[in-house]
Amino acid sequence: MQISMKLEMKDSPGQLVAALKPISDVGGNIIAVIHQREPGSDHGTLDVQIVLELPEGRLEKLVVLLKEQGVHIQRIGEQRLLYKRTVILIGHLMHTDLSDTVDQIDSTGFAEVSELAMSMPAVKERSSSRLTIKSVTKEDMESALAILRRVSQQKSLLLIEPLEESA
Amino acid sequence: MKIALIGLGSVGRGVAEMITKKDLGLTITGLADSKSGAMNTNGLDIPILLAHKKKNGHCGDQNISTLDIIKKADYDALVEVTPTNALSGEPAISYIKAALARKKHIVTSNKGPIALANKELRAMANKNGVALRYEATVAGAIPIMHTLEHGLAGNEILALYGVLNGTCNYILTRMADEGLTYEQALMEAREMGYAEADPTYDVKGIDAAIKLVILANTIWGHDVKLNDVDCTGIDLLTPDALRLAGEEGCTIRLIAEAIPRKNILRVSPRIIEKNHPLVVDGTLNALTLETDMAKEITLIGRGAGSVETASAIIGDLLYIKDRYDRRT
C-alpha cells in the first residue's frame with residue numbers, strides 16, 4: 001500500500017538518514033521525500049514529508065521503529081496521488097477487455113485508474129469511456145499515458161488525451 | 001504595384017473584387033483562370049472580366065494560358081491562388097518557379113507548394129531578391145505570419161497549438177452543443193458549405209497537418225514533411241465522448257501542436273477545458289504561441305472565406321509594396 005507520512009526530527013547531521021532507514025528495514029520503498037524547513041523555525045527540528053510503498057501489515061512495525069529513532073510522526077495518511085489526468089477511450093472497449101486495459105495502468109504501482117465513466121450504445125457499436133488516472137509524480141503520469149497509448153494502439157482504440165501546455 | 005492574379009475561385013474572386021473596390025495602389029494587369037487568360041499593362045477591367053466569367057465560365061481569351069500570363073504579362077507580384085494539390089504541389093510549384101525566374105514577388109494561398117517545396121522556393125526567391133509570402137495558407141484571415149515576423153520578432157517560439165481546420169471545428173462544436181453524431185454534424189457542415197463533397201482531407205486531420213508543417217518550417221526551419229506529423233482525425237469520435245468530456249467542464253477539439261523541444265508534431269482530437277482560449281465555436285480558427293518573452297499569445301479569427309482570405313493576401317501585397325516597390 002502507498003502511504004504518506006509527515007515526520008518531525010532533530011535538525012542535526014545524520015538524522016534524516018537514520019529516520020529513513022527503518023523504512024527499508026520493514027521492506028518499504030521510498031517514492032518521494034519532501035523536505036520542509038520551516039522559515040524562522042527555532043525549534044531545531046526538521047519537517048519531512050515522505051511517500052512510501054509498504055507491504056501490507058508492516059505499518060505498525062515501522063511506527064515503532066521510527067519512534068525508537070526519536071522521530072515524531074505528525075501525520076500518517078493514505079497517499080494522495082498528486083497528478084490527475086482525464087482521458088477518453090473510444091472503441092470496442094468490452095471486446096478488447098476493458099479490465100485488462102485498466103489493469104495495465106493499475107499494475108504499474110505508480111499510477112492508477114481512479115474513476116471510470118462509460119457509455120455503451122448498441123452491442124456492436126463503439127463505446128466511449130472516460131478514465132481518470134492518478135499518479136504520484138508527473139513522470140509517472142507520462143509513463144502511464146505512454147502505456148495507455150501503446151495499449152490503445154494494440155487494441156485499436158482511439159485515445160483522446162488532454163491538452164497539456166507545458167513548453 | 002502591378003499584380004498578376006492566377007486562379008479565380010472563391011479566393012481569387014475575393015482578391016480581384018477587393019483590389020478593384022479599395023484604393024490600395026494595386027493594379028491587376030494579368031488574370032488567369034483554369035481555362036483562359038487576360039493581360040493589359042495599364043490594368044484590366046476586372047468587373048467586366050468577372051461578369052464574363054460568370055456568364056461564360058471563363059474570364060478571358062481561351063488561347064491565353066496561365067503560363068502565358070506568368071511568363072509574358074507585365075507585373076511586379078504574382079498572386080497564386082489555384083487549388084491546393086497536397087501530393088505534388090503542381091501546377092502551382094511550376095507557376096511560382098516561372099514567376100520567380102522573372103524576379104517577380106510571390107503571394108500565395110496555396111498550401112501545396114509551401115508545404116512541399118518551401119525551402120527550394122525560398123532559396124530561389126532570395127537569390128532573385130524578391131519576396132515569397134504565404135500568409136493566407138494558414139488560418140485564413142489571422143495574420144499569423146506577420147505576427148511571427150514582426151510583432152514577435154526576437155522572441156523564441158517554444159511551442160504552438162492551433163485549431164486550424166474550420167470544418168472539424170464546426171463538426172465538433174455541433175456534436176458538443178446538440179449531441180449530434182459525427183455523420184449528422186458532417187452532413188450539416190456540407191449543407192452549410194463548410195465541408196467538401198469528399199471531406200477526407202479535413203476530417204482526417206490532413207489539412208491541419210499541412211498547415212502545421214508550414215508553420216513549423218516557417219518558425220523553426222527544420223524542413224519537416226507531412227509524414228513527420230503524427231495525425232489522428234475526428235471521424236471516429238462519438239457524441240458520448242463529447243458528453244463525457246462535457247461532464248468534466250471540458251470539450252474535444254482537433255488540436256495541431258508543435259513542441260520542438262519534446263519532438264512533438266501532432267494533430268489529434270484533445271480534451272480541453274471549455275474556457276480555454278483555443279475553444280472557439282463554429283468555423284473559427286485559433287492559434288496559441290508560447291514564447292520566451294511574450295509568453296502566451298492567442299489569435300482568433302476566420303480561417304476561410306473569400307474576402308477573409310483576400311485580407312491575408314492583400315496584407316502580403318501591401319507589405320511587399322511598402323518594402324520593395326517605391327515606384328508607386
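Chain B holds an open sheet of six strands in the order E3-E2-E1-E4-E5-E6, with mixed pairing. Strand E3 (37-39) and strand E6 (132-133) of chain B stand at the edges, each with a single partner strand, so one side of each has no neighbour in the sheet. Strands count as paired if DSSP finds at least two bridges between them. Helices (H or I, at least four residues) and strands (E, at least two) are DSSP runs, numbered from the N terminus. The structure is a predicted model, in which local features need pLDDT of at least 70, side-chain atom pairs count only at pLDDT 80 or more, and totals for chains, interfaces and linings use all residues. Residues are numbered from 1 along each chain as its sequence is written, and chains are lettered from A and ligands numbered from 1 in the order in which they are written.

Within this sheet, strand E1 (residues 2-6) and strand E2 (residues 27-32) of chain B run parallel and are joined by five bridges. B:Ile3 stands opposite B:Ile28 of E2(B). Helix H1 (residues 10-21) of chain B lies across E1, E2 and strand E4 (77-80) of chain B. H1(B) runs at about 155 degrees to E1(B). Axes are lines fitted to C-alpha atoms, for helices over the stretch in contact, and angles run from 0 to 180 degrees between N-to-C directions.

Helix H4 (residues 92-101) of chain B packs against H5(B) at an angle of about 10 degrees, with the axes 10 Å apart. H4(B) is therefore roughly parallel to H5(B), a term for angles under 35 degrees. Two residues are in contact if their C-beta atoms, placed from the backbone, lie within 7 Å. On the H4(B) side, the contact is made by B:Ala92, B:Ile93, B:Ile96, B:Lys97 and B:Leu100. Among their counterparts in H5(B) are B:Leu121, B:Met124 and B:Asn128. The contact residues divide into nine nonpolar, two polar and one charged. Ala, Val, Leu, Ile, Met, Phe, Trp, Tyr, Cys and Pro count as nonpolar, Asp, Glu, Lys and Arg as charged, and the others, Gly among them, as polar.

Domain bounds come from an automatic or database domain assignment. For chain B the assignment gives domain 1 (2-140 + 307-323) and domain 2 (146-302). Their C-alpha centres lie 28 Å apart. In chain B, 13 residues of domain 1 are in contact with 16 residues of domain 2. Helix H5 (111-128) and helix H12 (306-323) each supply at least two residues of the domain 1 side. The largest share, five residues, comes from H5(B). By class, this side has five nonpolar, four polar and four charged residues.

Chain A is assigned domain 1 (2-78) and domain 2 (83-160). The C-alpha centres of these domains of chain A lie 34 Å apart. Nine bridges join E5(A) to E7(A), which run antiparallel. A:Arg85 has A:Ile133 as its bridge partner in E7(A). E5(A) also pairs with E8(A), in the antiparallel sense, over three bridges.

Between the chains, 16 residues of chain A are in contact with 20 residues of chain B. Strands E5 (83-91), E6 (111-119), E7 (127-135) and E8 (158-162) of chain A each supply at least two residues of the chain A side. That side divides into nine nonpolar, three polar and four charged residues. Strand pairing also crosses between the chains: two bridges join E8(A) to strand E10 (residues 264-273) of chain B, and the two strands run parallel. A:Pro162 has B:Ile271 of E10(B) as its bridge partner.

Key: Angles under 35 degrees count as roughly parallel, over 145 as roughly antiparallel, 65 to 115 as roughly perpendicular and the rest as oblique.
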